[in-house]
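Hi,

Here is the structure I promised to pass on.

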Amino acid sequence: MCPAAVGVGLAESGLRLRRGRCRAKAPGVPVSGPELAVGDGGLCSKQPPPPRPKPPGQAVGWVLLATITSLAFATRFHRLHEPAHVCWDETHFGKMGSYYINRTFFFDVHPPLGKMLIGLAGYLSGYDGTFPFQKPGDKYEHHNYIGMRGFCAFLGSWLIPFAYITVLELSRSQPAALLAAALLTFDTGCLTLSQYILLDPILMFFIMAAMLSMVKYNSCADRPFSACWWLWLSLTGVSLAGALGVKFVGLFIVLHVGLNTISDLWQLLGDLNLTMVTLGKHLAARILCLIVFPLILYTTLFAVHFIILNRSGPGDGFFSSAFQSRLLGNNLHNASIPEHLAYGSVITVKNLRMASGYLHSHWHLYPEGVGARQQQVTAYQHKDYNNLWIVKKHDANTDPLDPSFPVEFVRHGDIIRLEHKETSRNLHSHQHEAPMTRKHYQVTGYGVNGTGDSNDFWRIEVMNRKSENRIKVLRSHIRLIHLATGCVLGSSGKTLPKWGWEQLEVTCTPYLKETPNSVWNVEDHINPKLPNISLDVLKPSFAEILLESHMVMIRGNSGLKPKENEVTSKPWHWPVNYQGLRFSGVNETDFRVYLLGNPVIWWLNLVSIGLYLLLGSITTVSMQRGLQLTAEVKGLCQVLLRGGGQVLLGWLLHYFPFFMMGRVLYYHHYFPAMLFSSMLTGILWDTVLRFCAYYLSSFPLANWVHIFGISLLILGIAYSFYLFHPLSYGMVGPMAQDPQSPMAGLKWLETWEF
């Protein structure tokens, strides 16, 4: 860390104020000290301001940093083992850590770095990957879960010293940095998120690391291409790759650094002392460290992800047949199957839309009021016996597998019938409206033992056909055209309600334009009368599986829907702390943990954002109008506008994009933005109190205004943590509305559920 990081910033100058017009001292009159007169025209200095006091020794700065870091670790690791059961999303990310230990392939909507690190922490701490993580409340018993929780708590603890150093660098004020650190240390929400097996502390660690590194390399701008400058620029790139590698919302900090870099380069372009060669070096250094290096790291972590997860698992069905052929244990890995489709073959048909699934049916019927009350046909994203269909001729019901019949291949343009193997009902469509998609037709299973009607007939077309008319397994892209209505079989990608088991809707669309939704390929193929070929030729390249995995993640993310009885929220709820999340327990006898930000801190942050916008606007207008300010006041204004503006931009970029998202949203999505609002609060109130001390300097004890104000804020925040800490560390007994409850009188909003 550079020595400036532990220096003190703007300190009280001891200037005295008096009311009146600016007048010069008479010649020969000694000047006893710095004075400032407040005249009709504003502020004017009678003599140059005194030099800034020297910062305290580095030892004092390091002691403060060590104290803050120790307190952060103490609060995060306190009672880390409680409760000894699965809490909230540990059921997902703990399970995914187990998948890495077992090398089992799975699908998740987030990039893999966070889950890989959780799995690594579990492996190094002795966890064997055998706990099922089935549902919240399951006891861990003899399984070692502390290593994974401890890893998340370790990264969550570093948020506080990172915020401290960042604010210190932006404001040059240790009181401002101490206040920001106190806000994060004593926030019950940040504490709770840091104590469990979740992606959030890992994501916030990389976001704060990127912010700190960016601020540090900005401070090295007067020493370009020095070792310190290269170090912080490179660490910024590493942190950006880390943030994006945990969740796609890491793009917000990427955008933040990008805007800072553009501004930085724009300033350099205006420096006429720099040659074009030097400007080119600056541009090349930023491209290398902030674009090329992070992309290499990001790509590498996916390569490691694919190498580790090389065994077939629950995520296979989300990916293409070619992707699955590389997974050990998958029925397509090193498989040999018949190459060409023939009548009598038992097949699975997979939709080519990313993350869509297999053509599927089951015994359940569509409910009353949803088209015809016939058997449901859906798209299912997992391997299942109900995905199997038998290919038959449309005008014959004989068994093509009878040894007395010759093999007859299915060809482009043939009219076929698909009979569901388990239920013996035919794939069917008619002019009833589809359940979810307007102007599309319903697709059902119809008939008895393969006997139906003319609405069971489909014409098969090969979209990527060259010269051969036969249907190639896995390689031929086919469409199924309904003979009676002319519509095309497809998957809309929409999730059906509970009656459809939350599988994906299959429709028959009258729009004949070729799209991935309406194109399929034959994957599994069973026909004992045909010779087999090896599928090794289908294995995709790394670039192909990297692109496919991102397409599947993006589609999966945008399609996330709330689960039954799940508490969701809206972005405007978050800054006001409108509603929290139950991490553990519901009843009085349960060990209850409730994710809720410390309301004193969150409401102070909200007030601070509004006050900053007001004061920032007044300051900007005043400086634009040419108001004469002393060096001391100018310094405070620059801290307010530049340092505060930097973290305000971070808050805006990490909050407002959620208003434009169509996916389901949760309260914990606000916490990266909360980090920035807390840093803004530290900078704002330190600056405001310095202004107050400055303008009251003619009064006795005015110098104590700043110190007393910061101390009062920190003590108030610490006391509020004392009141609300059971939310994080756990509660047992009466609910908050009961006078005997430890939280009695603290349920300030009816929407809080503790």
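Which residue lies over the face of Tyr-343? That's Lys-393, at 5.7 Å from the ring centre. Likewise, the charged end of Arg-326 sits over the ring of Phe-323, 5.2 Å from its centre. (A charge counts as over a ring if NZ of Lys or CZ of Arg is within 6 Å of the ring centre and within 35 degrees of the ring normal.)

Some housekeeping: this is a predicted model, with local features needing pLDDT of at least 70 and side-chain atom pairs pLDDT 80 or more, while totals for chains, interfaces and linings use all residues. Numbering runs from 1 along each chain as its sequence is written, and side-chain values use heavy atoms, with hydrogens and water left out.

On to the aromatics: there are 53 aromatic pairs (ring centres of Phe, Tyr and Trp, the latter by its six-membered ring, within 6.5 Å; planes under 30 degrees apart are stacked, over 60 edge-to-face, the rest tilted). One of them, Trp-574 with Tyr-670, is tilted, at 6.4 Å centre to centre and 45 degrees between the planes. Trp-574 is in the loop between helix H13 (542-558) and strand E18 (581-584), and Tyr-670 in the loop between helix H15 (631-655) and helix H16 (671-695), so the pair ties together parts 96 residues apart in sequence.

Cheers

Technical notes:
Helices (H or I, at least four residues) and strands (E, at least two) are DSSP runs, numbered from the N terminus.
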